[in-house]
Amino acid sequence: MGEVEAFCGSEPRVLDLACGTGSITARLLSRFPKAVSTGIDLDPALLTIARGTFAGDDRVTLVEADLTDPDWPARLPYDTYDAVLTATALHWLRKEPLRTLYGRLAGLVRHGGVFLNADHMIDDTTPRINAAEEIRRRARMDQAMRAGALDWAEWWALAAKDPVLAGPTARRFEIYGVHADGEMPSAAWHARVLREQGFEEARPVWASRVTRCCWR
């Protein structure tokens, strides 16, 4: 959230892109109580959780929409935002829909605002580093599983039995199926395409297998 404050101050208007359960919005409001957030997602199950979390909070608006639909920005309550934030979500899009999405975001981020995307951006020029990080990632996952953490399949199986989430979960699998059909282009690809689509500057600000990139 430090980048948000640096670019936008302590009362930003934020678009939480592919917001899921609203974890980014929760962190945003915890740090900046005077911020406002619009969360947008297509997943009815995760949006159900988000609506429960932020019920009665007039700082938060939740919108159900498909980011591949060309008309999704018309459903937002504001024409522009100080910041657009997203994490581990856009990798489910393939390159051409992602390119189109970036063009739409260029029209939503106000001049001087920021777009922050923390996602999987593997650099295919560093295969040995990638392999070492994959080993470390799998070791962390195995440790978490031994400690009792659920994998996604187990989590969704429980959600399908929950009296509140069962219906939205069924609709979720009708929309997405079992697996998302996305790509994971490199950070360099993202930076190049963002500039092509109208952002003045684009670069990684923290490089790892999960790379946070900052564009404005």
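How much space lies in the largest cavity? In this predicted model, local features need pLDDT of at least 70 and side-chain atom pairs count only at pLDDT 80 or more, while totals for chains, interfaces and linings use all residues. Residues are numbered from 1 along each chain as its sequence is written, and side-chain values use heavy atoms, with hydrogens and water left out.

The largest cavity holds about 40 Å³ of space, where a cavity is a set of points, on a 1 Å grid over the protein atoms alone, at which a 1.4 Å probe fits but cannot get out, and a volume is the space filled by probe spheres set on points joined across faces, edges and corners. One cavity of 30 Å³ or more is counted. Its lining residues, which have an atom within 4 Å of a point, include Leu90, Leu98, Asp119 and His190. Strand 5 (residues 109-120) gives the most to this lining, with three residues; strands (E, at least two residues) and helices (H or I, at least four) are DSSP runs numbered from the N terminus.

The axes of helix 4 (residues 95-108) and helix 8 (residues 187-196) come within 9 Å and cross at roughly 45 degrees; axes are lines fitted to C-alpha atoms, for helices over the stretch in contact, and angles run from 0 to 180 degrees between N-to-C directions.

Pro44, Ala45 and Thr48 in helix 3 meet residues of helix 7 including Pro168 and Ile175.

Notes: On a 1 Å grid over the protein atoms alone, a cavity is a set of points where a 1.4 Å probe fits but cannot get out, and a pocket is an open set with protein on both sides within 12 Å along at least five of seven lines; lining residues have an atom within 4 Å of a point. Contact means heavy atoms within 4.5 Å.
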